[in-house]
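The following note is intended for a colleague who is meeting this structure for the first time. Please read the numbered points with the sequence and the model side by side.

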Amino acid sequence: MADSQAKTIDVDPVVGQHISHEGKKYTTIKEGLAHILVPHDTPTSTDPSMSKEDTQKQQVFYNPIQQFNRDLSVLAIKTFGLDSVHRKQERHAKQMKKGPRKQKAQGKESAGEQLDTAASEDENALKRKLAEGGTDDSATSAKKQKVADSNDATEDTEAAPAAEDTEAVPAAQSQTEPSKESRPWRAPFTILDALSATGLRALRYAKEIPFATSITSNDMSKNAVESIKLNIKHNKLEGTIKPNTGNAIAYMYSYCDKNGYDVIDLDPYGTAAPFIDSAIQAINDDGLLCVTCTDSAIFASHCYMEKTFSQYGGLPFKGDACHEGGVRLVLQAIASSAARYGMAIEPLLSLSIDYYLRVFVRVRKSPNDVKLLAGKTMLVYSCDNGCGAWTTQNLARNKVTKNKKDEPFYKFGYAAGPSADESCRHCGKKTHLVGPMYGGPLHNVGFVERVLAQLNEVDRETYPTMDRIEGMLRTALEEVTFGVKPKDEQSKSMLTPLIPKADPAEIDHHPFFFLPSSISRVLHCSAPPTAALRGALRHAGYRVTMSHCKPGSIKTDASWTDIWHIMTEWVRQKAPLKNQLKENSAGRAIMSKASTCATSTNGALENAATDLNAQNGEPADVEMANTETPARPSYLGTNFEVKFDEKLGRDHDRGKYVRYQLRENWGPMARAK
């Protein structure tokens, strides 16, 4: 309930209270467990009737549309932090088990350094005495006194074994307060909010991640930092959050030669591309990099492809899966930047959300894993002006072999190419080159499972978007596993804090999805029900799931040849064409091939396709696969039985989750003036 009378900033924060500070009046609003102060004339809700001026005011101080992003970020960083702190505690325990002898040796070494320092200072004092006309006796006596004091320090150090992070404590203070040696050791966990604005993210991290030891809230605007300081004081977090005024890039580069941050959060207006390289320099080994990009007109659109290449080093995907292509472009930009410094990335969670994308990437110092990057970088041949089919082409091959000790290791070689012809093999239209982009999995199964487990421990008042978070994460999990549940349900319910490391050489052989409505538009037929199409694919032996990017999407390990065969059977069995297809259209080319296939004998078409690909040293069907893909059923245009089994296409045990949410009156808004 709002307070009728304004109070000072030192009172305990309560939602809706009025604060008066230095002649200005503020209103306290709450998100999560944090409170921020907003000028009382600034709107804090999404009202379509708001003027453009009010919209800009709101974005400067508080944007409620981004609460989903912030809720997800808190849970993701907390999940990662539990892993990071657990590993640090294990390393610290091993160091403490080295024994008192090792600690005593460390104490002697420290005392020796003190003695060398004292001797050096004494030599400087002697030179000053001689320059001032002093006697050698006085200098010698001063030197003896210094050495005696150093010897006393050495004896004291040997008497008490050196402990980690010890400091000299005054005698009076040691009687009233516990010394640092007696305090329990606490694993450090540091976070940098590089582009903090009002500091809301930093405030929530400090309030909702209890093991965070230090959080830096940085912004280049002095007014923004003043707002950050005000919010820190109001939330009484002066001991946890450190405000900093400075250019984020320069600030992060200043950590090149010293310990960096365990977590760096980049949430800029627009692209995060200018901040990626400096963030890689400032992050610790085995740290977490959180990146938001709101420039979907660049990474998910072909209208500014020259801008896309300059920002992310690749060309955008054109088609329904353009946002998933944008996610892979951003991941490739991060991976290539990290590889220059011998660091490898592992995407833990990569999501396309509303008008932006959000990725959580673990960064490790691992030169061996960096060698695998070329084999996980792919080009895409896209038939965007024809039937919409696409073919992947990896830049290199990572082949597993064994040495004399029967231990596996990787050999690196060139990939055979090209994997596609100049014209689409299905409709005859020209194909376009897309990428390079990241070709590995977008999510870590263990990480997603642990974030979902965190949802069982939070309340809806603190995380009002938890329904959507759960729905999106479960859909992302099914993307990677194709809905296959783990065999051991008991082990799943007893998750450890440690996030398992994914195979660094793993490739996503089926990186994009398609929409039934889009491929039906090519043939000018009515679209099949999603359950019917999924049932036909499963009846043929393929795995099917959906993508988190778009409702109604289908992600499968079937080839485009088999997809088009199923669609032509849909036309023949369920939805005959009412009008003849136009000459030279993509749909007519596909339907003519289907009729040729139906009347062919002895598999002549199949043998021709096999011989064509064999010339390049590739398997018969490489459309949605790589040369290392495990054997899957591939009919390659043969007239196999197609059964549209809607019952088989439904997943009755998937649960009712908010997987896709349509929002009104949302968007990136206008840039603040």
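**Notes on the predicted model**

1. The side chains of Arg201 and Asp265 meet in a salt bridge, with N and O 3.3 Å apart; a salt bridge here is a side-chain nitrogen of Lys or Arg within 4 Å of a carboxyl oxygen of Asp or Glu. Because Arg201 belongs to helix H6 and Asp265 to strand S7 (residues 261–266), the pair ties together parts that are 64 residues apart in sequence. Arg201 and Asp265 are both buried, buried meaning under 20% relative accessible area, exposed over 50%, and partly exposed in between (1.4 Å probe, protein chains only). Helices (H or I, at least four residues) and strands (E, at least two) are DSSP runs, numbered from the N terminus.

2. On the basis of the values: this is a predicted model, in which local features need pLDDT of at least 70 and side-chain atom pairs count only at pLDDT 80 or more, while totals for chains, interfaces and linings use all residues. Residues are numbered from 1 along each chain as its sequence is written, and side-chain values use heavy atoms, with hydrogens and water left out.

3. A search of the whole structure finds 28 salt bridges. One of them joins Arg70 to Glu31, whose closest N and O atoms are 2.5 Å apart. This pair links distant parts of the chain, 39 residues apart, with Arg70 in helix H2 (residues 67–96) and Glu31 in strand S2 (residues 24–31). Arg70 counts as buried at 9% relative accessibility, and Glu31 likewise at 2%. Glu31 and Arg70 also belong to a network of salt bridges that includes Asp71, Arg204 and Glu208.

4. A further salt bridge is formed by Glu346 and Arg362, with 3.0 Å between the closest N and O atoms. Glu346 lies in strand S9 (residues 343–353) and Arg362 in strand S10 (residues 356–365), so the pair ties together parts that are 16 residues apart in sequence. Glu346 is buried, with a relative accessible area of 10%; for Arg362, also buried, the value is 0%.

5. Which elements surround strand S5 in the pairing pattern? Strand S4 (residues 190–193) pairs with S5 in the parallel sense over 4 bridges, where two strands pair if DSSP finds at least two bridges between them. Within this pairing, Ile191 stands opposite Ile215. S5 is also joined to strand S6 (residues 241–245) by 5 bridges, again in parallel, and Ser217 stands opposite Pro243 there. From S5 the chain crosses through helix H7 (residues 222–235) to S6 in a right-handed β-α-β crossover; right-handed means that, with the strands pointing away from the viewer, the path from the first strand over the helix to the second runs clockwise. S4, helix H6 (residues 200–208) and S5 likewise make a right-handed β-α-β unit. S5 (residues 214–219) is largely enclosed by the rest of the structure, because 5 of its 6 residues are buried.

6. A second sheet deserves attention. Its 3 strands form an open sheet in the order S12-S11-S15, with antiparallel pairing. Strand S12 (390–394) and strand S15 (432–438) are the edge strands, each pairing on one side only. Strand S11 (residues 377–382) pairs with S12 over 5 bridges, and Ser382 has Trp390 as its bridge partner in S12. H12 packs on the sheet and touches S11 and S15, its direction making about 55 degrees with that of S15. Contact means heavy atoms within 4.5 Å; axes are lines fitted to C-alpha atoms, for helices over the stretch in contact, and angles run from 0 to 180 degrees between N-to-C directions.

7. In soluble globular proteins, nonpolar side chains tend to be buried together. The largest nonpolar core has 86 residues, of which Met252, Ile264, Leu289, Ile334 and Trp564 touch the most other members. Helix H12 (residues 322–339) gives the largest share of this core, 9 residues. Apart from it lies another core, of 54 residues, among them Leu72, Val451, Tyr463 and Leu473. Such a core is a set of buried Ala, Val, Leu, Ile, Met, Phe, Trp, Tyr and Cys residues joined through side-chain atoms within 4.5 Å.

8. Finally, Gly649 lies in helix H22 (residues 646–649) and is buried, with a relative accessible area of 4%. Gly649 and Ala532 are 117 residues apart in sequence but 6.0 Å apart in space, C-alpha to C-alpha.
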